[in-house]
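Subject: Structure for your review

Dear colleague,

Please find the structure below, together with its sequence.

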Amino acid sequence: MNADKFVPQHSHFDLPRLRSVQVAQCPALSTQHSALSTHTSTYLDFARYKSLSVKHSALSTQHSALFTFRPYQRKFARPLTTHHGVWEMREGIILRLVDEAGNVGWGEIAPISWFGSETLDQALNFCRQLPKEITSETIVSIPDDLPACQFGFESAFDGMGSREWWFDYFGCAQYKSAHQPGLRENLSCSGLLAAGEVALQQWQTLWQQGYRTFKWKIGVDAIAKELAIFDNLCRSLPASAKLRLDANGGLSYEEAELWLETCGKIQGEVSAEIEFLEQPLPVKDLAGMLELSKFYRTAIALDESVATLQQLISCYQQGWRGIFVLKPGIIGSPSKLRQFYQQHEIDAVFSSVFETVIGRQAALNLAAELSRKNRAVGFGVDHFFAQAAATNPESLWNNF
Ligand SMILES: [Mg+2]
């Protein structure tokens, strides 16, 4: 097969397009947005739609595609400081698949090895050993120890033929999904605040951009200093704001107790809502987090503990019924996650791995499909990058 031989065609019916998440409240995109709406309604064929499986469009049939990939690097404007250390550069891989009809599918592998996924080198080695032409079988046989690869390849396969689903925009506080039965229509977005005092100014800029939920990194500095900033932050946030605290597993049990007590106390004094404390203890201490979740008013969310689907299943089996932070970019196979969702009712927050628009679009589609409670998705991270990345996959591909 040769990609040049393929003649691009309009697919009369593109399921992935139906899954697309568009942006609302973005003046810059309003024209494109309405163009998509018109186009989508022209091409919708609900009779055929109902006759297809919503869940496994591309992978359910034997399908092959030409495969190419490009590694990329994106520098953070402000290195991301968490309890895990300082992160200066996001590195990943963009995948491009082209099927016999000329349909292009984009995918992204954006590993975070210190969070529990494969390393970038492992992902690159996997891509290098693949043949130029791959099939749906290649994708379903990607091993579980390459979860970011599973996500990247499966979403690329699912996305083949959906050239017009790229209506993402950086810096938006809210996403609106395309009209599809069963999809959440709106996804509000949580804006990430850097650790330390800078958060006290940062939230105001994000508020003006429309953000109403914020996540602040803790467990980085001395606890007394962070508690003082927290007090200040809670008292300055407007009543309709929500605040999440993310410790990245950096607290001791006693420190977590102190944070939870302080949250409970301050919640009685301010109107802004403290939504949850994320991953207070290290991954190995699930028992401690199960214990803490019983005694305090402030909810606890697991993040590092549920980085991959295997970990999610394990924590669920061990009795976790609190909030799960899911990072589609590293969790593994979207279709296996859907299977888990069909069997279990979980309260999940979907979150970014600092991916480009390609991984983000696939992750948001999954969030729009699976989100049950009205929790903001954690994709407000663009202000951490030095340069806004291109908002369509072709330009990204050509620039890397
Ligand atoms: Mg987290």
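In what order do the four strands of the open sheet lie, and is their pairing parallel or antiparallel? The order is E4-E3-E2-E5, and the pairing is antiparallel. Strand E4 (104-109) and strand E5 (133-135) form the edges, as each of them pairs on one side only. On average, neighbouring strands of this sheet are turned by 40 degrees against each other, direction ignored. Please note that this is a predicted model.

Strand E2 (residues 64-82) and E5 run antiparallel and are joined by three bridges. In this part of the sheet, Ser-64 stands opposite Thr-135 in E5. Across E2, strand E3 (85-99) and E4 lies helix H4 (residues 120-129), which runs at about 15 degrees to E3.

The largest nonpolar core has 94 residues. Those with the most contacts inside this core are Leu-95, Leu-97, Leu-243, Phe-324 and Ala-367. Helix H14 gives the most to the core, with nine residues. Because domain 1 (64-159) and domain 2 (174-399) both give residues to this core, it lies between them.

Helix H14 (residues 357-370) has 14 residues and is mostly covered, with 14 of its 14 residues buried. From its first C-alpha to its last, H14 reaches 19 Å, close to the 20 Å expected at 1.5 Å a residue.

With kind regards

Note on methods
Residues are numbered from 1 along each chain as its sequence is written. This is a predicted model: local features need pLDDT of at least 70, side-chain atom pairs count only at pLDDT 80 or more; totals for chains, interfaces and linings use all residues. Two strands pair if DSSP finds at least two bridges between them. Helices (H or I, at least four residues) and strands (E, at least two) are DSSP runs, numbered from the N terminus. Axes are lines fitted to C-alpha atoms, for helices over the stretch in contact, and angles run from 0 to 180 degrees between N-to-C directions. Two residues are in contact if their C-beta atoms, placed from the backbone, lie within 7 Å. The expected span of a helix is 1.5 Å times one less than its number of residues. A residue is buried if 20 or more other C-beta atoms lie within 10 Å of its own, exposed if 12 or fewer, and partly exposed in between; C-beta atoms are placed from the backbone. A nonpolar core is a set of buried Ala, Val, Leu, Ile, Met, Phe, Trp, Tyr and Cys residues joined through C-beta atoms within 7 Å. Domain bounds come from an automatic or database domain assignment.
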